[in-house]
Amino acid sequence: MVGREKELVRHLSEEELERLLTEADDIKVYKRLVFLNLLYGGATLAEAAADVGVSEGTASNWVERWNQGGLGKLTPNFGGGRPPKLDETEQRELIERLREGQPWKKQEIQHLLDEEFDVEYHPNYLPTFLDDLGLHYAIPRTKRPDRPDNAEEILDERVEYAFDEDAHDHPHNKREDDDDDEDWDTDHDVCTDGGTVVGFFDISHPQPWDNSQRMYSVDEPHITRPLVKIDTPAAGFYALNGESVLSFPPNQEKEKICACFEQVREQNPGKRILLVLDNFSSHVCKYTRKRAHELGIDLVFLPVGSPDLNPIEPVWKSLKWESSPLIVDGEDEYRALLDDLFDQLTEKLSFAASWIDNHLDGFLNKIR
């Protein structure tokens with residue numbers, strides 16, 4: 001019952017009414033839908049009227065109109081082909097304006113619409129409107145100022161060069177400014193089977209006290225942990241078609257990085273290894289490049305400031321997320337846990353799916 005004299009006709013289900021509430025872009029229509037929602041929930045006529053700020057007389061009139069003809073009677077302009085607040089030309093202008101100053105907070109877009117386009121959308125509808133325009137809603141990725149604008153194209157060229165073995169008039173890892181009188185020889189017994197293993201190398205610092213996973217609790221959430229800290233990094237090799245490797249070098253000096261490469265080679269015998277990695281100083285130095293060449297590992301360096309182009313980054317993120325709620329008593333137990341999780345995660349190619357599509361599409365026959 002609504003008050004003592006009016007029965008509310010339920011023209012719509014509760015789910016349909018909730019959907020209309022999220023889509024309403026007119027404040028007058030939205031207020032009437034809120035009013036109906038309150039009545040659906042069991043509020044009296046007086047309570048619902050007070051909540052939306054209208055008199056009981058107006059509220060009673062709304063109920064009569066609703067009962068007689070549903071939304072078409074209660075909100076005559078609702079859904080009846082009312083033109084959008086911004087036409088197609090204005091929407092294109094808005095997109096260009098948003099592109100110029102991106103990224104934007106929702107409140108900033110509200111202000112822009114009001115100041116420059118003289119329109120107002122209800123805050124509950126604005127996300128739907130922006131989604132319909134094709135805008136992205138995500139945490140902006142930090143971009144280094146020295147990252148080239150054509151980073152993807154640069155990586156494409158480096159991958160293509162790595163696979164074009166006939167184009168190399170000197171060892172792949174050797175640079176023009178390296179001394180020509182030094183021997184760059186590959187160990188004869190490391191590449192015997194043909195084919196190529198493709199993988200991604202990176203260093204991370206997961207810790208037992210990382211908290212990245214939300215969990216339910218009755219009282220204030222907390223986890224009591226032993227005071228364990230890992231001072232050394234984790235070095236990961238995420239292989240697409242070989243054996244992935246996780247190791248724990250004492251530091252990131254060139255000799256220790258080369259020891260990690262030796263482990264990668266040991267776990268992936270017989271084939272050439274194409275290893276994608278960043279431009280950390282111990283990775284790009286001549287000592288590391290020469291030792292990698294001796295091991296039959298060709299290094300493909302990412303463009304500067306482009307960690308997002310390394311598929312092992314989401315592997316690290318998932319590893320930290322999976323391990324965050326688990327409690328360990330010491331370094332050895334934590335490293336064993338990470339090793340197990342890394343093995344499980346690197347069995348999946350999903351972390352590198354877009355990388356394979358974007359950069360390996362023409363070379364899949366060479367790695368099988």
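Is glutamate 255 buried, partly exposed or exposed? At 33% relative accessibility, glutamate 255 counts as partly exposed, where buried means under 20% relative accessible area, exposed over 50% and partly exposed in between (1.4 Å probe, protein chains only).

This is a predicted model, in which local features need pLDDT of at least 70 and side-chain atom pairs count only at pLDDT 80 or more, while totals for chains, interfaces and linings use all residues. Residues are numbered from 1 along each chain as its sequence is written, and side-chain values use heavy atoms, with hydrogens and water left out.

**View A. Lysine 254 and glutamate 255 form a salt bridge.** The N to O distance is 3.5 Å; a salt bridge is a side-chain nitrogen of Lys or Arg within 4 Å of a carboxyl oxygen of Asp or Glu. Lysine 254 is partly exposed, at 33% relative accessible area. The structure holds 11 salt bridges.

**View B. Arginine 19 and glutamate 23 pair within helix α1.** Their side chains meet in a salt bridge at 3.2 Å, N to O. The two residues are 4 apart in α1 (residues 14–23), so about one helical turn separates them. Helices (H or I, at least four residues) and strands (E, at least two) are DSSP runs, numbered from the N terminus. Arginine 19 is partly exposed at 42%, and glutamate 23 is partly exposed at 35%.

**View C. Glu262, Lys290, Arg291 and Glu294 are linked in a network of salt bridges.** Within it, arginine 291 and glutamate 294 meet at 3.0 Å, N to O. Being 3 residues apart in helix α11 (residues 286–294), arginine 291 and glutamate 294 are separated by about one helical turn. Arginine 291 has a relative accessible area of 22% and is partly exposed.

**View D. Helix α9 spans residues 254–267.** Its buried residues include Ile257, Cys258, Cys260, Phe261, Val264 and Arg265. These cover an arc of only 150 degrees around the axis, which puts them on the same side of α9; the arc is that of the directions from the helix axis to the C-beta atoms.

**View E. The largest nonpolar core has 35 residues.** A nonpolar core is a set of buried Ala, Val, Leu, Ile, Met, Phe, Trp, Tyr and Cys residues joined through side-chain atoms within 4.5 Å. Val159, Phe163, Val198, Phe200 and Leu360 have the most contacts inside this core. Helix α13 gives the most to this core, with 6 residues.

Notes: The expected span of a helix is 1.5 Å times one less than its number of residues.
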